[in-house]
Amino acid sequence: QSISRGVTLSALADICLELGMVNAINLDGGGSTAMVGTTLENQSLHKFNSPSENRKVINALAITNNAERGEATGIFCQAEASSVLLGDSVKIKVTPYDKNYNTPSQVSGTVTWIVPEGKGYVKDNIYYPSGSGEVTVDAYYNGKKTDSFTVNVIGEVTGIIAEEKYDLTSSKEAVLK
């Protein structure tokens, strides 16, 4: 698939070693292979991948995490938009995690944002740009960098190219002509 290239067995072995795995198993990996789980952002079971087929399967491998939830050790952050016009702002979704990447039992730390000089600031988890170009903002939790996000700040719009013709004068919504 063009959207999901997969991984070679040697690259998979490297990933497993990097994650500290001692034992691992590689299954079929064919078109019906689906990975289902929960994430910090979405606690309900959902599919992570896009298999090329949606066949029913007769077997499955389940991995569970029974680690106790602990105090927050870091945050994931994600800008709600990948591009923003200069003068506008972008909300930042912040998700704390504990040492086992679970939802923490307690969040008592401080989040600090580092924005390149002249490129804006973050207040109340909203990024306010003050310079155009690609901007990477670093997120620190209790003084330790735990994530970052990148936003393309558009400084000046010189024109809009559209494949269709729109009437922007009739209402607040664009009407396709």
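These exercises work through a predicted model of one protein chain.

**Exercise 1. Confidence and layout**

Task: State how many helices and strands the protein chain has, and which elements have the lowest and highest mean pLDDT.

Solution: 
- Step 1. Count the elements. The protein chain has one helix and twelve strands.
- Step 2. Read their order. From the N terminus, the elements run α-β-β-β-β-β-β-β-β-β-β-β-β.
- Step 3. Take the chain average. The mean pLDDT is 85, and 88% of the residues score at least 70.
- Step 4. Strand β12 (residues 175–176) has the lowest mean pLDDT, 50. Strand β8 (residues 126–128) has the highest, 97.
- Step 5. Apply a caution. Where pLDDT is low, predicted coordinates should not be read in detail.

**Exercise 2. The largest nonpolar core**

Task: Identify the residues that touch the most other members of the largest nonpolar core, and the element that gives the largest share.

Solution: 
- Step 1. Size the core. It holds 18 residues.
- Step 2. List the residues that touch the most other members. They are Ile-92, Trp-113, Val-122, Tyr-127, Val-137, Phe-149 and Val-151.
- Step 3. Assign elements. β3 (74–79), β5 (90–97), β9 (133–141) and β10 each give two or more residues to this core.
- Step 4. Pick the main contributor. β9 gives the largest share, four residues.
- Step 5. Look at one member, Val-151. Beyond its neighbours within four places in sequence, Val-151 contacts Ala-79, Ala-81, Ser-82, Ser-83, Val-84, Val-90, Gly-133, Glu-134 and Val-135.

**Exercise 3. Strand partners of β10**

Task: Say whether β4 and β9 each run parallel or antiparallel to β10, and find the partners of Asn-152.

Solution: 
- Step 1. Take β4 (residues 83–85). Three bridges join β4 to β10, and the two strands run parallel.
- Step 2. Take β9. Nine bridges pair β9 with β10, in the antiparallel sense.
- Step 3. Locate Asn-152 in β10. Ser-83 stands opposite Asn-152. Glu-134 also has Asn-152 as its bridge partner.
- Step 4. Inspect the turn. The hairpin of β9 and β10 has two residues between the strands. Asn-142 takes a positive phi there, near 50°.

**Exercise 4. The salt bridge**

Task: Find which side chains form the salt bridge, and classify each residue as buried, partly exposed or exposed.

Solution: 
- Step 1. Search the whole structure. One salt bridge turns up.
- Step 2. Name the partners. The side chains of Lys-145 and Asp-138 meet at 3.3 Å, N to O.
- Step 3. Classify Lys-145. Its relative accessible area is 45%, so Lys-145 is partly exposed.
- Step 4. Classify Asp-138. Its relative accessibility is 17%, so Asp-138 counts as buried.

**Exercise 5. Aromatic pairs**

Task: Classify the pairs Trp-113 with Phe-149 and Tyr-121 with Tyr-128 as stacked or edge-to-face.

Solution: 
- Step 1. Count the pairs. There are six aromatic pairs.
- Step 2. Take Trp-113 and Phe-149. Their centres lie 6.2 Å apart, with 70° between the planes. Planes over 60 degrees apart count as edge-to-face, so this pair is edge-to-face.
- Step 3. Trp-113 is in strand β6 (residues 111–114) and Phe-149 in strand β10 (residues 144–154), 36 residues apart.
- Step 4. Check burial. Trp-113 is buried because its relative accessibility is 15%. Phe-149 is buried too, at 6%.
- Step 5. Take Tyr-121 and Tyr-128. The centres are 5.1 Å apart, with 20° between the planes. Planes under 30 degrees apart count as stacked, so this pair is stacked.
- Step 6. Tyr-121 is partly exposed at 46%. Tyr-128 is partly exposed at 29%.
- Step 7. Phe-76, Tyr-97 and Tyr-101 form one aromatic cluster.

**Exercise 6. A loop residue**

Task: Locate Glu-41 and list what Glu-41 touches beyond four places in sequence.

Solution: 
- Step 1. Classify Glu-41. With a relative accessible area of 41%, Glu-41 is partly exposed.
- Step 2. List the contacts. Glu-41 touches Phe-76, Lys-93 and Thr-95.
- Step 3. Compare sequence and space. Glu-41 and Val-94 are 53 residues apart in sequence, and 9.4 Å apart from C-alpha to C-alpha.

Methods
Residues numbered from 1 in each chain as written. Predicted model: local features only at pLDDT ≥ 70, side-chain atom pairs only at ≥ 80, totals over all residues. Heavy atoms only, no water. Phe/Tyr/Trp six-rings, centres within 6.5 Å; stacked < 30°, edge-to-face > 60°. Buried < 20%, exposed > 50% of the residue type's maximum accessible area, 1.4 Å probe, protein only. Contact = heavy atoms within 4.5 Å. pLDDT = per-residue confidence, 0-100. Core = buried A, V, L, I, M, F, W, Y, C linked by side-chain atoms within 4.5 Å. Pairing = 2+ DSSP bridges. Salt bridge = Lys/Arg side-chain N within 4 Å of Asp/Glu carboxyl O.
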